[in-house]
Amino acid sequence: MRGLSHLVNNDTDQAIEIFIGLIEADEGTIDLHLALGSLFRRRGEVDRALRIHQNLVQRPRLKPLHRNQARFELARDYQAAGVLDRAEEIFLELAHQGMFLSDCLSRLMRIYEREREWERAIDTAQWLSSAQGRDMGPRIAQYWCELADSALRRDDARGQQQCLKRALAADPHCVRAQLTRAGQAVDSGKVAQALKIYRDVIQHHEAFIPDVLAPWRDAFLREHSAQQWAAELERVYRRHPHPHLQVALIQAQAQSGQTDARQQALDQLVQQPSWVGLHAALDQDWSNLPSQAAGLLKGFADVLRVPLEKSPTYRCDHCGYSGRQLNWQCPSCQHWNTTQPLPDMTYSALEEQVHGASSLPESGTGAAGKSVS
Ligand SMILES: [Zn+2]
């Protein structure tokens with residue numbers, strides 16, 4: 001009661017002294033200590049959490065289960081305090097004893113991710129996969145992609161290729177590895193191989209069409225004509241009526257000199273309205289129209305361009321973090337493979353433009369559900 005009274009009156013250190021003294025007398029207060037330690041850590045008072053857990057661990061007569069619980073909490077304190085080597089050491093010891101295995105391995109992966117120790121992260125993910133039967137393939141593929149990027153930074157093309165191969169072995173549909181491999185194929189003149197990869201990504205990950213489009217078009221036009229590109233887009237668009245394919249189709253039809261291109265674009269827009277499609281339909285060469293009408297259409301296109309260029313283009317499915325940059329690991333919730341391209345401009349971007357908001361976030365917003373498409 002005296003301890004609680006100190007706690008309520010914000011005399012935290014005095015409360016901790018009293019509670020620590022209790023352990024000697026009664027092991028039944030262990031749960032209270034663990035709860036208090038977690039509470040302090042959640043409030044950001046890691047030094048107090050550390051004191052409580054260190055004191056528990058040092059008790060000579062503590063039962064093994066309670067000692068391991070206290071050690072696990074102590075490792076979490078070290079992780080929260082950024083003392084990662086101490087945290088790693090305890091998590092590893094507990095994992096080798098089979099204690100809190102899933103939690104320890106998940107936390108070890110986070111530590112190795114933060115330290116960019118990708119080989120260790122891979123080993124730990126494989127351990128988790130074999131111990132718990134969890135499918136860690138997509139995450140392991142991302143770790144291999146990180147190693148591939150490191151190899152590229154060292155100008156080690158062979159190493160990069162091997163890492164990408166391992167990434168695709170872990171997850172055959174890893175978009176990141178596939179896009180990099182397609183780029184490599186184009187660079188080495190294997191255009192047909194690259195085109196096959198791009199079509200495969202579109203088939204299995206339609207959401208990534210906005211990221212595939214530009215490199216796919218560049219690769220395609222190396223060996224084919226603009227008319228063939230328009231025909232290819234039309235064929236793919238029938239299967240995947242994605243707004244960005246619509247935009248590409250409108251632009252390709254206009255560039256290929258098709259006389260009925262504008263009518264086709266309008267027909268597609270009526271069938272599947274989208275902001276990006278509307279902008280592409282307006283943003284054309286209207287020089288054959290009277291200047292007043294051409295100016296009006298151009299003006300509409302310019303008005304729409306502003307929110308389009310500010311609207312977030314990616315959003316994390318897990319926490320709602322959105323921005324204009326593709327992150328394979330969400331910078332807000334740290335989840336992998338949860339960030340996807342948005343199919344169209346978000347309504348909130350247009351709303352802020354219409355209501356004259358002073359500025360929109362440039363990079364990202366962590367507010368879940370703030371952007372509504
Ligand atoms: Zn997230």
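Trp229 has a relative accessibility of 5% and therefore counts as buried, a term that stands for under 20% relative accessible area with a 1.4 Å probe and protein chains only. Phe220 counts as buried too, because its relative accessibility is 5%. This is a predicted model, in which local features need pLDDT of at least 70 and side-chain atom pairs count only at pLDDT 80 or more, while totals for chains, interfaces and linings use all residues. Residues are numbered from 1 along each chain as its sequence is written, and side-chain values use heavy atoms, with hydrogens and water left out.

The structure holds 8 aromatic pairs, that is, rings of Phe, Tyr and Trp (its six-membered ring) whose centres lie within 6.5 Å, called stacked if the planes are under 30 degrees apart, edge-to-face if over 60 and tilted for the rest. Among them, Phe208 and Trp328 are stacked, because their ring centres are 5.8 Å apart and their planes lie at 15°. Phe220 and Trp229 form a tilted pair, with 5.3 Å from centre to centre and 50° between the planes. Ring pairs also link Phe72, Phe91 and Phe100 into a cluster.

Turning to the helices (DSSP runs of H or I, at least four residues, numbered from the N terminus), helix 4 (residues 46-58) and helix 5 (residues 64-81) pack at an angle of about 155° with their axes 9 Å apart, where axes are lines fitted to C-alpha atoms over the stretch in contact and angles run from 0 to 180 degrees between N-to-C directions.

Conventions
Buried < 20%, exposed > 50% of the residue type's maximum accessible area, 1.4 Å probe, protein only. Helix = DSSP H or I, 4+ residues; strand = E, 2+ residues; numbered from the N terminus.
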